[in-house]
Amino acid sequence: MTRYALRVTALAAALGLWQLLTSLDVDLWLRFSQFPTVTDVAHTFADRLAGADYWTDLTDSLTRIVTGFVLAAVAGVAVGVLVARSPLAEDLLGPLLEVVRPIPAIALVPVAILLFPSNEQGIVFITFTAAFFPVLVSTRHAVRALTPVWEEAVLTMGGGRWRVLGSVVLPGALPGIFGGLSVGIGVSWICVISAEMISGQYGVGYRTWQDYTVVDYPGVFVGMVTIGVLGWLTSTAVELLGRRLTRWLPRTSQVTAARPTSSHPPAGPSPAPQPSGTEEARDEHLV
C-alpha cells in the first residue's frame with residue numbers, strides 16, 4: 001500500500017506542477033504559457049468521452065494494435081526458433097532479416113501504401129513490422145542461450161524433435177520471448193500512432209493530428225493521455241500473461257522469503273534438508 005501511495009503522490013505532484021506552471025504562464029526558457037492547463041485538458045477529455053467519435057477512434061486503434069501484434073508474436077516466435085535451431089534457415093533468412101531490421105517501421109509507410117489496397121491493411125502491416133523484429137531477436141537469443149543438457153536428456157529418454165521443442169525450447173525461452181513481446185507492444189503503439197497520423201482515417205493518432213492542425217491543443221493532450229494509458233494497459237497485460245505462463249520460475253521475492261531470518265543455528269541435531277517447493281517444481285518440469 002505504501003508503494004501505491006507513493007505512485008499516486010508522484011502522479012498528483014506532476015499534475016499539480018503542470019497546473020501551476022501553465023496557470024501562471026511561466027516562461028523560463030521553456031514556454032509553459034503555450035501549454036493548456038490540466039483543467040482545460042480535463043474538460044476536453046470529459047467532452048470527448050461523451051461523444052461517439054472518441055470511442056470509434058479507440059476501437060480502431062485497439063483493433064489495429066491487437067491484429068498486428070498477435071500476427072507479429074506468432075511469426076516472430078516461429079521465425080526466431082527456426083533461425084536459432086536451423087543453420088540452413090539462418091543462412092537463408094538471416095541476411096535478409098538483418099538488412100530489413102534497422103529500417104524504422106514508420107519509414108515503410110510509402111511501401112504499405114503502394115503494396116496494400118487499403119489504408120487499414122497498411123497500418124496493420126506497419127504495426128506488425130514494428131513488433132516482429134523485437135520478438136524475433138529476443139526469441140533467437142533466448143533459444144540460443146538454452147543449455148544443451150536439457151535437450152540431450154529428452155533425446156536420451158526417447159523424445160523426438162517435437163518433444164524437445166515443446167518440453168525444452170519453448171518453456172526455457174519463455175522469459176526471453178516475453179521480454180521481446182513487452183518491447184514489441186510499446187514500439188507497435190509508437191508506429192501505429194504515426195501511421196494513423198500519416199495515412200489513417202480514424203484512430204487516436206489520426207484524431208490527435210487533426211486537433212493539432214486546427215490548433216486544438218487541449219485535444220492534442222487528450223490524445224497523448226489516451227495513447228499513454230492504452231500503451232500502459234496493453235504492456236501490463238503482456239507482463240501479467242508472461243508472469244502467469246512462467247510462474248514455475250523462482251522469483252526474487254521467493255528467494256528473499258526463503259532466506260533464514262536468524263544467523264544462529266538451532267540447538268540440537270539439524271534435520272535433514274528438505275527440497276523446497278520451487279526446487280520440486282523445477283525438478284518435475286525437467287523430468
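Residues 24 or more positions apart make up 71% of the contacts in the protein chain with a separation of 6 or more. The model is predicted. The protein chain contains 12 helices and 2 strands. Of its 287 residues, 32% count as buried.

**Fold and surface**
- Along the sequence, the protein chain reads α-β-β-α-α-α-α-α-α-α-α-α-α-α.

**Cavity**
- The structure has 1 cavity of 30 Å³ or more.
- The largest cavity has a volume of about 50 Å³.
- Its lining consists of Val109, Ala112, Ile113, Ser118, Asn119, Gly122, Ile123, Ile126, Ala195 and Ser199.
- α5 (109-115), α6 and α8 (161-199) each give at least two residues to the lining of the largest cavity.
- α6 provides the largest share of that lining, with 4 residues.
- By class, the lining of the largest cavity comprises 6 nonpolar and 4 polar residues, with no charged residues.

**Thr127**
- Thr127 sits in helix α6, which spans residues 119-144.
- Thr127 has a relative accessible area of 0%, so it counts as buried; the cut-off for buried is under 20%.
- Beyond its neighbours within four places in sequence, Thr127 contacts Arg64, Ile65, Gly68, Phe69, Ser188 and Val192.

How values were computed:
Residues numbered from 1 in each chain as written. Predicted model: local features only at pLDDT ≥ 70, side-chain atom pairs only at ≥ 80, totals over all residues. Heavy atoms only, no water. Buried < 20%, exposed > 50% of the residue type's maximum accessible area, 1.4 Å probe, protein only. Contact = heavy atoms within 4.5 Å. 1 Å grid on protein atoms, 1.4 Å probe; cavity = no way out; pocket = protein on both sides within 12 Å on 5 of 7 lines; lining within 4 Å. Points joined across faces, edges and corners; volume = space filled by probe spheres on them. Nonpolar A, V, L, I, M, F, W, Y, C, P; charged D, E, K, R; others polar.
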